[in-house]
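Q: Please take a close look at one part of this model, the strand pairing. What lies side by side there, and what packs around it?

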Amino acid sequence: MGFFEKLKSGLTKTRQNFTDRITELVGMSAKVDEDFLEELEMILLTADVGVKTTEKLIEDVRQAAKKREIKGTEDVLPFLKKQIAAMLKDDGVRTRIGARPTVILVVGVNGVGKTTTIGKLSNYFRLFNYKVMMAAGDTFRAAASAQLKIWGERAQCDVIAHEEGADPAAVVFDALKAAKARGIDVLFIDTAGRLHNKVNLMNELGKIDRIIKREIPEAPHEVFLVLDATTGQNAITQAKVFTETTKITGVVLTKLDGTAKGGVVVAIREELGLPVKWIGIGEGIMDFRPFEPEKFVDALFATDEEEG
């Protein structure tokens, strides 16, 4: 199964909760009236497209119907596909690799798949002949360093780690020194996802950022926020907390294959202004790829015929 087929398969729950329900609504509705729009609004909200994004899409449909761009309910789905594709469009560089080392800080709460994401990203870039290193900066979670070392073996990458409970900034400092000395192309830095409270966590991230900038003033070159798609709107709340204190450059969305809430991709882009740069749609080391908006939209709006 190719990646696009896996993406279509992975989005099955979201499609059933989104596209299929809209198709049913279209079949039961004679015209685009306020009753239709109210039902459509509930479908969008249930798929975790987000309140602001839903309001915008509903108003777009309403105006298009008034202007006769939408002549009947059967025109609604193609119209939504076009609008969502436009919302997700991103002309930016997916991952900026240029400086040596390129430093990529990876943040997010515990349980979203940060360490696994770093392992899979490391493997991805190594396959393109980049020399990759990982830094086990999450010294607070039991076994986080050990987990990263296992991924280091799988991805055939060096891992810089200290003992559990060590100062994360010290790990990062050593990793930066080692990356420069060994001619590393890409350095991924794992970070803690939970401390005693939000303030402590953000202070720790701030300290790491200062250490990085002291060693490499223009770094980190990327700050990836890892979010779990299955948490839907909670992912948006998490993102808001991190964007308050960290300059996020992109989102990595994990577990997209296990959720009916895949609409959160649209909410992240539209409500937070953050591009989704990478997605995970399975457990395997290769079930992780750059996010391509056009393919995502095609998979989300795929019909039964296209799937079969």
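A: A135 stands opposite I189 in β4. On β3, the residue opposite A135 is I160. This is a predicted model, in which local features need pLDDT of at least 70 and side-chain atom pairs count only at pLDDT 80 or more, while totals for chains, interfaces and linings use all residues. Residues are numbered from 1 along each chain as its sequence is written, and side-chain values use heavy atoms, with hydrogens and water left out.

Strand β2 covers residues 132-135; strands (E, at least two residues) and helices (H or I, at least four) are DSSP runs, numbered from the N terminus. β2 runs parallel to β4 (residues 186-190), and four bridges join them. With β3 (residues 158-160), β2 pairs in the parallel sense over three bridges; to pair, two strands need at least two bridges found by DSSP. Strands of a sheet pair through backbone hydrogen bonds, either parallel or antiparallel.

Are the faces of β2 buried or exposed? Both are covered: V132 and M134 on one side, and M133 and A135 on the other, are all buried (buried means under 20% relative accessible area, exposed over 50%, partly exposed in between, with a 1.4 Å probe and protein chains only).

β2 belongs to an open sheet of eight strands with mixed pairing, ordered β3-β2-β4-β1-β5-β6-β7-β8. β3 and β8 (288-290) are its edge strands, each pairing on one side only. From one strand to the next, the twist averages 25 degrees. Further along the order, β1 (residues 102-107) and β5 (residues 222-228) run parallel and are joined by four bridges. Within that pair, L105 has V223 of β5 as its bridge partner.

Helix α7 (residues 114-127) packs on this sheet, touching β1, β2, β4, β5, β6 (250-254), β7 (276-280) and β8; contact means heavy atoms within 4.5 Å. The direction of α7 makes about 175 degrees with that of β4 (axes are lines fitted to C-alpha atoms, for helices over the stretch in contact, and angles run from 0 to 180 degrees between N-to-C directions).

R141 counts as partly exposed because its relative accessibility is 27%. Not counting residues up to four places away in sequence, R141 touches N110, T115 and Q147. R141 and N110 are 31 residues apart along the chain, with their C-alpha atoms separated by 8.5 Å.

For helix packing elsewhere in the model, α10 (residues 198-215) and α11 (residues 233-245) have axes 10 Å apart at an angle of about 50 degrees. That angle makes α10 oblique to α11 (under 35 degrees counts as roughly parallel, over 145 as roughly antiparallel, 65 to 115 as roughly perpendicular, and the rest as oblique). In α10, K198, L201, M202 and L205 meet V241, F242, E244 and T245 of α11. By class, this contact has five nonpolar, one polar and two charged residues; Ala, Val, Leu, Ile, Met, Phe, Trp, Tyr, Cys and Pro count as nonpolar, Asp, Glu, Lys and Arg as charged, and the others, Gly among them, as polar.
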